[in-house]
Amino acid sequence: MHDIKLIRENPAGFDAALARRGLAPQSAAIGAQDTDWRALATAVQEGLARRNEASKAIGQAMGKGDSASAETLKAEVATLKARLPELEAQEKSLAEALQAQLAAIPNLPAADVPEGPDETANVEEYRWGTPRSFDFTPQDHADFGPALGLDFESAAAISGARFAALRGGMARLHRALAQYMLDRQTGANGYEEVNPPLLVRDDAVFGTGQLPKFAEDLFRTTTGHWLIPTAEVSLTNLVREKILSEADLPLRFTALTSCFRSEAGSAGRDTRGFIRQHQFEKVELVSIATPEQAAAEHAHMVQSAQGILEALGLPYRRMLLCTGDMGFAAAKTFDLEVWLPSQGVYREISSISTCGDFQARRMNARYRPEGEKATRFVTTLNGSGLAVGRTLVAVLENYQNADGSVTIPDVLHPYMGGLTSLTPR
RNA sequence: GGAGAGGUGGCUGAGUGGUCGAAAGCACCGCACUCGAAAUGCGGCGUGCCGGCAACGGUACCGUGGGUUCGAAUCCCACCCUCUCCGCCA
């Protein structure tokens, strides 16, 4: 959510930032609406002021027993009341329209975000690991996975496309990955483990920015709850409507949850395999920080995610997303992309964003700086640490063997109950 | 699901339809007292919005949204949330 004051003060700067996102200028339209609204608001307030004044006088007159002048005043107020409701209604609808317009505008990119129209303009910043050289042709996990317990067929019968059932060692490996990630994030990386609600209300989803624009990407229950598309929603909203002490910041949260996405706009993309599912698990990281802490928190979050990939020995690269490829709420985003040998490409496995006060405004999440009376909005950050399903895919493909088996990475052995490889049934 | 109680400022907690943005206490800030601190005393202390260079003025806010009224924290309706008891249940 944008601060209308900033748009008033610097409309050209606002439009310029929107332009970097490839969006048309909006400040003129917003400014005009804002001007209209303020004029109406002033008129309404003046009307109310006169009404209040008269009402007070009525009270005083009646207190003195002067019912005659009280009646005169009442008549006066009555005429005022005839046209005040209409003004108020207009003012309200204008204010709501203005809010709706502001709520639909994405966050402005940070100054150091490269400009570009789409993912082709993302900038590779860093690359870790060397893709393994295979002495056979590496296979797609969608091809060799089913023999190892990646059961698309049964799941399709139960739930349709974009669902899978993990069985036996495959389920165990998935669980091991999740546990390993969670243990690292809650251990050395300092995130508090949270087991949050997966069904949330409108306000929560509005707070993180999925509503109102992206409702079609979400699942909704008959009770009107939304299934979280990411634990970012639940974790970030832990501080909604709160005033935190500066001493408590940063707050670091992590959660292993299922995530639910309708994939409405993704028809035909990644239809094979486990890459893009309606339901998947993810270890999410969220940090609530002061603006001053945000950059360091962002870096820490990136390290926390990269550490998992490195421990698993999965080659990856880090991309700084360009303006055109960032999510709605993000001011700056790094993507981690993991190497998939079957496709010979790097695929997104983590997205780590700082959102400035964009989400905080929507949630009204504030903190009180040390020694200050006024409150300020917090900065919110979120990232995957990591997407468990996609990590499973990466492990399967990078650790596959010529005989169709998969070797379990060493760091997962404590979680595997003695299993050191998955072998075809 | 049934019955009941309740949602008031950073916190606790008063509040008769009119002088209530709201008592009191705590917390916080300033001053006094003190060598210093504690204790005590005095004073201050909500937020958003609109207008104004500012001082300041106006307005809204007592869970949310409607309504009654000249006037609503207070009365009415709906909804949300919390708590207690009962029932059901992993």
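Ala, Val, Leu, Ile, Met, Phe, Trp, Tyr, Cys and Pro count here as nonpolar, Asp, Glu, Lys and Arg as charged, and the others, Gly among them, as polar. This is a predicted model, in which local features need pLDDT of at least 70, side-chain atom pairs count only at pLDDT 80 or more, and totals for chains, interfaces and linings use all residues. Residues are numbered from 1 along each chain as its sequence is written, chains are lettered from A and ligands numbered from 1 in the order in which they are written, and side-chain values use heavy atoms, leaving out hydrogens and water.

**View 1. The surroundings of RNA strand B**. Sugar and phosphate make up 74% of the RNA atoms that come within 4 Å of the protein. By class, this surface has 10 charged, 6 nonpolar and 5 polar residues.

**View 2. Gln45 beside a base of RNA strand B**. An N or O atom in the Gln45 side chain is 2.7 Å from a base nitrogen. For Lys5, the side-chain N or O atom is 3.3 Å from a phosphate oxygen of RNA strand B.

**View 3. Glu337 and Arg317 in a salt bridge**. Their side chains meet at 2.7 Å, N to O; a salt bridge is a side-chain nitrogen of Lys or Arg within 4 Å of a carboxyl oxygen of Asp or Glu. Both Glu337 and Arg317 are buried, that is, under 20% relative accessible area (1.4 Å probe, protein chains only). Salt bridges with shared partners join Glu124, Arg127, Arg317 and Glu337 into one network.

Note on methods
Near = heavy atom within 4 Å. Polar contact = N/O pair within 3.5 Å; in protein donor to acceptor, adjacent residues only side chain to side chain. Buried < 20%, exposed > 50% of the residue type's maximum accessible area, 1.4 Å probe, protein only.
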